[in-house]
Amino acid sequence: MDYKSSLIQDGNPMENLEKQLICPICLEMFTKPVVILPCQHNLCRKCANDIFQASNPYWTSRGSSVSMSGGRFRCPTCRHEVIMDRHGVYGLQRNLLVENIIDIYKQECSSRPLQKGSHPMCKEHEDEKINIYCLTCEMPTCSMCKVFGVHKACEVAPLQSVFQGQKTELNNCISMLVAGNDRVQTIITQLEESRRVTKENSHQVKEELSQKFDTLYVILDEKKSELLQRITQEQEEKLSFIEALIQQYQEQLDKSTKLVETAIQSLDEPGGATFLLTAKQLIKSIVEASKGCQLGKTEQGFENMDCFTLDLEYIADALRAIDFGTDEEEEEFIEEDQEEEDSTEGKEEGRQ
């Protein structure tokens, strides 16, 4: 009902319908569209398969003799994640309704004349349309500028050919950036798992320490509080470091996502000249963003808290000297006992 009303309100319903039939990846009309469940968004099957292969490089296609359980697929429109079966993208349902609508639309377009849209005019020659592209200056211009104006000695090319070339390049950049965003999202997921494991390990070490101290609670209560504070401090330092990494990766992901949205909006521009006025700078920004930045990562074993384990099989006189490293103190205590025993034996021999 909403879709129909929007077509009625629009002055050109066929153009509005065409926008609904454009794949958000290749920016062309759907080819064998598939439905991404449960978000119900549509993609070309080939485009969906390219994204799936980029996100799951070790997934084996259906033509291979090796079978796998499938992989993860993140919808480029709403970022909803879907778990694929062993068939991958080819296990998604074809949207036959959209295919029929596309066929009807193509038949209708072939029977109606082309409509002329607004065309940018040259600033130097107000009556001339921008219809060529200066390869030397890398900017769109008009024929008069080429014949008599500032681009007289420049090399030019047809506007449409450059338009298609840069549109294809921008489309490739968007695909590359989307794949990079998926990798950043994977790193964020790993960091969140690292945070969870760090909390669990910290909790486990605290529980073990508390159980051992409870056995000799009267003597060890003060020492127990001291050691728990040290574990908590270590936990807070590690969690603070992980939280900072998550924030950095999240900011990078948000920036890249906004850049993708800007690029997709630019691709909706029907006029080649208007598109080319901003396309080059946009492509440059996307290429720089796709390179990413070298952010930090946690080292292997970062979540371990094994350094805080204790062995509480000590004699009662040494309890107040317990620490996370008491081997030297134990050796001194044993040497003192040995000296006292040797002194006692010497006195007894002297008396005899």
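Predicted model: local features only at pLDDT ≥ 70, side-chain atom pairs only at ≥ 80, totals over all residues.
Setting aside neighbours within four places in sequence, Leu-21 is in contact with Glu-28, Met-29, Phe-30, Val-98, Ile-101, Ile-102 and Tyr-105. Leu-21 also belongs to the largest nonpolar core, where it is among the residues that touch the most other members. From there we can look at the cores, a sheet and the helices around them.

**The nonpolar cores**

- The largest nonpolar core has 24 residues, and those touching the most other members are Leu-21, Cys-23, Ile-36, Leu-43 and Phe-73.
- At least two residues of this core come from each of strand S1 (33–36), strand S2 (41–44), helix H3 (45–55) and helix H4 (96–110).
- H3 gives the largest share of this core, with 4 residues.
- There is also a second, separate core of 22 residues, including Leu-159, Leu-170, Leu-259 and Leu-276.

**A closer look at helix H3**

- Which residues of H3 are buried? They are Arg-45, Cys-47, Ala-48, Asn-49, Ile-51 and Phe-52.
- These buried residues of H3 pack against S1, S2, strand S3 (72–74) and H6.

**The three-stranded sheet**

- Another feature to find is an open sheet of 3 strands, in the order S6-S5-S7, with antiparallel pairing.
- Strand S6 (139–141) and strand S7 (156–158) are the edge strands, each pairing on one side only.
- From one strand to the next, the twist averages 40 degrees.
- Strand S5 (residues 132–134) and S7 run antiparallel and are joined by 3 bridges.

**Helix H6 and its partners**

- Helix H6 (residues 159–215) lies across S5, S6 and S7, and runs at about 80 degrees to S7.
- The axes of H6 and helix H8 (residues 272–291) cross at roughly 30 degrees and come within 9 Å.
- Angles under 35 degrees count as roughly parallel, so H6 is roughly parallel to H8.
- The crossing in which H6 passes H8 is left-handed.
- On the H6 side, the residues making this contact include Leu-159, Val-162, Phe-163, Gln-166, Leu-170 and Cys-173.
- On the H8 side, they include Gly-272, Phe-275, Leu-276, Ala-279, Ile-283 and Val-287.
- Leu-159, Leu-170 and Leu-276 take part in this helix contact, and they are also among the residues of the second core.

Conventions. Residues numbered from 1 in each chain as written. Heavy atoms only, no water. Core = buried A, V, L, I, M, F, W, Y, C linked by side-chain atoms within 4.5 Å. Buried < 20%, exposed > 50% of the residue type's maximum accessible area, 1.4 Å probe, protein only. Contact = heavy atoms within 4.5 Å. Pairing = 2+ DSSP bridges. Axes fitted to C-alpha atoms, helices over the stretch in contact; angles between N-to-C directions. Parallel < 35°, antiparallel > 145°, perpendicular 65-115°, else oblique. Left-handed = near helix turned anticlockwise from the far one by under 90°.
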